[in-house]
Amino acid sequence: SMDSLFRLYGNPLTQYTSFNEFADSDFEAIEQIRRIRRHNKKDFFFLTDALGSNDESDFFSLKSGSTLEWIDDEKSYILRIYDKFGSLHTTLLHSKNIDNLLINSGWFELEVASMLSRWKYVEELRLNCIFPDKNNSPKNEIDIIADIGSKLLFVECKTQVKNDTDIDKFKSAVSNYGGIGSKALFVTDAPMKPKTKEKCIDNNVLTFSIAENGGAVSCVKKLI
């Protein structure tokens, strides 16, 4: 089993979220996030990054006028995004795990996991997999780990790779936690830069770009 394998490698997985724990409202929120994000990806990133860096504030704003606000009475976020033409786009985001979806591209990780869940060989999916150190503090995190029957599939999800060292860290984590028999897949939303893709090939890491394969709606079969 997945847990037995991790224990045998000396790295028990103690913290993760099962794919089955996500609700329909979370998948509906992904669609909302994708729609409003396309109007201004830069502002969306800065607002959600501010949310992840500060858990004491309920309101975040940018010079452009774009804002992200927590409405406690409704347990929802209101995201207001201005596009490059100065038009305002507003959406109300409410779901079971909306905090996790907005922080660190959690929405994209769940979107990829949803695609993989349709593959007939996937027996179990775990997200936000955190491996602890000897003091039980977070040591490393894998976005998605899938049990595909005969082996494990480790998946790293980023809207775009900003630092090529992420490839080295990911490959090292796969080897340490899953062994050389495990598979590694790096999924990006935007097209991966040629140099980055070449580095993935050198490290025996499979790559897949949502944008290069028809978008989120039509790329599921190609991903599988």
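Colleague: Over how many bridges do β2 and strand β3 pair?
Modeller: This is a predicted model, in which local features need pLDDT of at least 70, side-chain atom pairs count only at pLDDT 80 or more, and totals for chains, interfaces and linings use all residues. Residues are numbered from 1 along each chain as its sequence is written, and side-chain values use heavy atoms, without hydrogens and water. Strands (DSSP runs of E, at least two residues, numbered from the N terminus) pair if DSSP finds at least two bridges between them. Between β2 and β3 (residues 67–71) the sense is antiparallel, and the number of bridges is three.

Colleague: Which strands form the edges of the sheet?
Modeller: Four strands form an open, antiparallel sheet in the order β2-β3-β4-β5. Pairing on one side only marks the edge strands, β2 (59–61) and β5 (88–93).

Colleague: Which strands does helix α2 touch?
Modeller: Helices are DSSP runs of H or I, at least four residues, and contact means heavy atoms within 4.5 Å. Helix α2 (residues 24–37) packs on the sheet at about 165° to the direction of β5. The strands touched are β4 (76–82) and β5.

Colleague: Which strands does helix α3 touch?
Modeller: Helix α3 (residues 41–53) also packs on the sheet, and its direction makes about 145° with that of β4. Its contacts are with β2, β3 and β4.

Terms used
Axes are lines fitted to C-alpha atoms, for helices over the stretch in contact, and angles run from 0 to 180 degrees between N-to-C directions.
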